[in-house]
Every structure is written in structure tokens, then in C-alpha cells.
Amino acid sequence: MQKYALPPYKIKMVEPIGLISKEERIERLEEAGYNPFKLKSEDVFIDLLTDSGTGSMSHFQWAALMQGDESYAGSRSFYRLEKVVKNITGYKYILPAHQGRGAEQVVIPELVKHDNMYYISNIHFDTTRAHVELAGARAIDCVVKECFETEIYHDFKGNFDLEKLNEIIKDKKPENIAGIIMTITNNSAGGQPVSMENMKDVVKIARDNSITVLIDGARYAENSYFIQQREKGYENKTVREIAKETFDLADIFLMSAKKDGLVNIGGIIAIKDDFKLFKRCQTTIVPKEGFPTYGGLAGRDMDALAVGLEEALDESYLAYRIDEVRYLGDLLRKGGVPIQYPTGGHAVFVDCGQIVPHIPFDQFPAQALCNALYIEGGVRPVEIGSLLLGRDPDTKENLKADKEFMRLTIPRRTYTMEHLRYVAECLINVYKNRDSIKGLKFTYESPILRHFTAEFEPVK
Ligand SMILES: *Cc1c(COP(=O)(O)O)cnc(C)c1O
């Protein structure tokens, strides 16, 4: 038996990449203020910054692109996309958006009816949290405690803590809950899946309290695949059937199509049957995203997405996708590197707090490791820790994250296992020399979303 799935595609077009010398990497990183976000992509060899919009399209998608109907209103491309989304979700009303946050800015405010309302999620993704706050509501996370116990195996680390969910609803009162957002997979916890059983329990609680249920489903296909692989009773169901069962539970589906839509740009709003809500969104989407039959996308983007959505449900594609991540995780664990275990759908989360305990949280241990990995092999990861978290808005003190993660995010259908083996070798070398890694201090810090533009120097 093959230990890891094989790629169910071959390469037809290539994009050259190259590794600049170590001296050059050291120079480029210094010029970038020790912030990998500020590196030029041509100075990066293996780019694991994000899986968002960085994947490769199939030849079917490129062919579909040529059929884009660029009519401002009533585009054929929209109707092709609408048909596919209706088919997959079973939902009645579909609106395209330019990406996930575009869908959020249309829908999230519509459910906020008065002051002091809350959204509850397993973990809000950061743009989702931002749109909740912009709408004048507050975001409460409610994930199982196993989520942050990186060493301990758990099939569904993305699950909601049901007891806590009940408590929050009781404490804040059901009429003050704007909605429950099921984030699948749970991006911020390492792309960890949520089980069908847990989603059903969440929805039961929501129904008992008359609360709207939303799916933030950027990676709903990956989540459905994990359910098929890990949850009792689902081993003989197709991923498409499991996805349909998931959608049946909720009222609204929001999606960043840059993930399981297999496109470089795009987003989706789908509403099960609430005609009034649909009408309100149809009105507000015009000034925010665009006319309801394009929502910020070109016609050709909608055609590529219509095809990509189908391809992302292909089980041989999903098997290889998930196994690539698992393969990188296995190599790292063998080399002694502590990671969030088991690996999730789209990335390996490296637990840097354990690797460089000599670096205090406000000298950003995970960012220091990201830099070390870039210098070692031209690999660009991203920090998901105290740098990302920012400062307390009142006291202005640096906040300490639960975990100092370095995320190695795998773009879809883009790198081979050979690339990932190289990444593992580089990181294991960095790990061996971990005692020499130094923390960072700011030379520039912007007041909001500082991680994108901050500059640093190493602490002497
Ligand atoms: C990426 C993502 C978003 C935001 O989507 P964009 O396309 O980046 O705007 C929202 N929620 C989740 C879970 C995501 O992964």
C-alpha cells in the first residue's frame, strides 16, 4: 500500500523558481526589515506564506476562462457559477463577491440588529472578526481545549466547546447573539476539522435558541474529506454527500473561493431560503462589491470558479492535498520539530514557543524562526503568534498569544513532495541550531495590522 497518495495530475506548464545565494538572502532580509512580508517574491524559493489564491488552475479552468461573459448585468458566467453553487449547497440564493472578506462585509452587518450583539465562532478568522467589530458587534471564540494541546492527538481539534457555547448564550441572552459562525476547517487552529456530530450539536443549540447559523467555509471540501476519513458512519459517503449534509445544517454560507474554489480570486455568498435577507444583501452588495451578477469579479473569474468548485470535491485531489501536508508534518516530527498534531488541511503549524523558549513573546519567537528558515533555504513561512495578535487597545501593551506558531502553508497543486522534503530538511537544520536564534525588536510598528509592514532588528 502507498503510504501517501499520489498526485492525480501531471504538470503541463511550469513557472521557474530559483534560490539566490545565502549572502543575498541575508542582505534581502535585512533590507526587508526582518519581515518576510516585505520580501519580493523573486527572492523567495519556496513560498509558504499562504494557501490563499496561490494555487494552480487546471487546464479545464484555463479553458473556462476564455468563455467569460463580461456583461455588466446578467452575465452567462454568473448563471454558470450560480448553478454549480446551488447544486453543491442546495441553497436558493447566490451572490458572488470579490473574495471572502467581500462576502463578510455584505452579510455580517445584516444580522446585527441592535447594540451589544455578539457573534460566536469556534475561532473567528481575522477578517471575519474585523467585520464583526466593524458592524458594531463583538466576536467570541468557543473552541475545544484540545485545540491548543499541540502534542495530543485529537481527530477534530476544530470542534466547538458545547458546554461553553451554552454558557455564552445563557450569559449574553439568545436575542443578543447575531449568529453562530462554524469556521470549517478551523483556519486559526491549524486548519483543524470540525466533526459532523459537533456541527449537529451546535445547530441543535442554535435552533433551540432561534439563532442564525453561518458557515465560514473557505475549506469546506477539506473539512468534508476529514469527516469521511475520521468520523464513524461517514466512511462510505462521498465528500460531496458530506458537504451537502453540512450545508443542510446551516442558513448562510460564506466562502473565500481563494481556498477550496481553486481560483486566484473570488468569494461566494449563499443563502438557504431567507428571501428577505437575500433582498437586503442584494441591495447592499451593489455599493460594496458590485452589481449582484458579478460582485467584484470578472466574468472569466466566475467561470474559472464554477469549474474549480467541482474539482475541489474530487476525492483523489483531496487525498493528495491532505497527504502533502501530512507528509511534511511527518518529516518534521521525525526530525524532532514540535508541530500541531495531527496536521490539518492546509498547513503545518510549528510550535515555536517550544523551540526557542529563550526568546520572550514580545521579541516574537515565531517571527525569528521564520527569518531563520528564510536564511537557511529561501523558504517563506508566516508568523501566527504574538506579532499577529498586536497590542491591547487600552493599555497599549503587547498581547501574548496562546501559541507562537510558524505556519508553513501549502498552496494547492503547486509544490511537489520533493519541495516539501527540502523544506523539512531546512527546518530541521534550523531546529538543530535553535539556541543561536535571536529575538527581534521593532524599528517600525504601524498602529493597526502591524505584522504586514513592521520592521525589526535582531536583539543583540
Ligand atoms: C481566507 C479566509 C477568509 C477571508 O477570505 P479572503 O478571501 O482572504 O478575503 C475568511 N475566513 C476564512 C476561514 C478564511 O480562511
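Predicted model: local features only at pLDDT ≥ 70, side-chain atom pairs only at ≥ 80, totals over all residues.
Local features need pLDDT of at least 70, side-chain atom pairs count only at pLDDT 80 or more, and totals for chains, interfaces and linings use all residues. Residues are numbered from 1 along each chain as its sequence is written, and side-chain values use heavy atoms, with hydrogens and water left out.

**Stop 1: the ligand**

Select the ligand and its surroundings. 15 residues surround the ligand (a residue counts if one of its heavy atoms lies within 4 Å). The closest are Gln99, Arg101, Asp216, Ser256 and Lys259.

Now show the polar contacts (pairs of N or O atoms within 3.5 Å). Pick Gly100: a backbone N or O atom lies 2.9 Å from a ligand oxygen. Move to Asn187, where a side-chain N or O atom is 2.9 Å from an oxygen atom of the ligand. Then take Lys259, with a side-chain N or O atom 2.9 Å from a ligand oxygen.

**Stop 2: α4 and α5**

Select residues 100-107 for helix α4 and 126-134 for helix α5. Helices here are DSSP runs (H or I, at least four residues) and strands are too (E, at least two), numbered from the N terminus. The two axes come within 9 Å and cross at roughly 25°. Axes are lines fitted to C-alpha atoms, for helices over the stretch in contact, and angles run from 0 to 180 degrees between N-to-C directions. That makes α4 roughly parallel to α5 (angles under 35 degrees).

Show side chains. Arg101, Glu104 and Gln105 in α4 meet Thr127, Thr128 and His131 in α5 (heavy atoms within 4.5 Å). This contact has no nonpolar, four polar and two charged residues. Ala, Val, Leu, Ile, Met, Phe, Trp, Tyr, Cys and Pro count as nonpolar, Asp, Glu, Lys and Arg as charged, and the others, Gly among them, as polar.

**Stop 3: α8 and α9**

Go to residues 220-230 (α8) and 239-249 (α9). Their axes come within 9 Å and cross at roughly 110°. The helices are therefore roughly perpendicular (65 to 115 degrees). From α8, Tyr220, Ala221, Ser224, Tyr225, Ile227 and Gln228 meet Val239, Ile242, Ala243, Thr246 and Phe247 of α9. The residues here divide into eight nonpolar, three polar and no charged.

**Stop 4: the backbone**

Select Ile184 and Thr185: their peptide bond is cis, with omega near -15°. Thr185 sits in the loop between β5 (177-183) and α7 (196-208).

Next, Ser210 has a positive phi of about 55° although it is not a glycine. Ser210 lies in the loop between α7 and β6 (213-216).

Finish at Tyr341 and Pro342, joined by a cis peptide bond with omega near 0°. Pro342 is in the loop between α12 (315-334) and β9 (347-351).

Conventions: Parallel < 35°, antiparallel > 145°, perpendicular 65-115°, else oblique. Polar contact = N/O pair within 3.5 Å; in protein donor to acceptor, adjacent residues only side chain to side chain.
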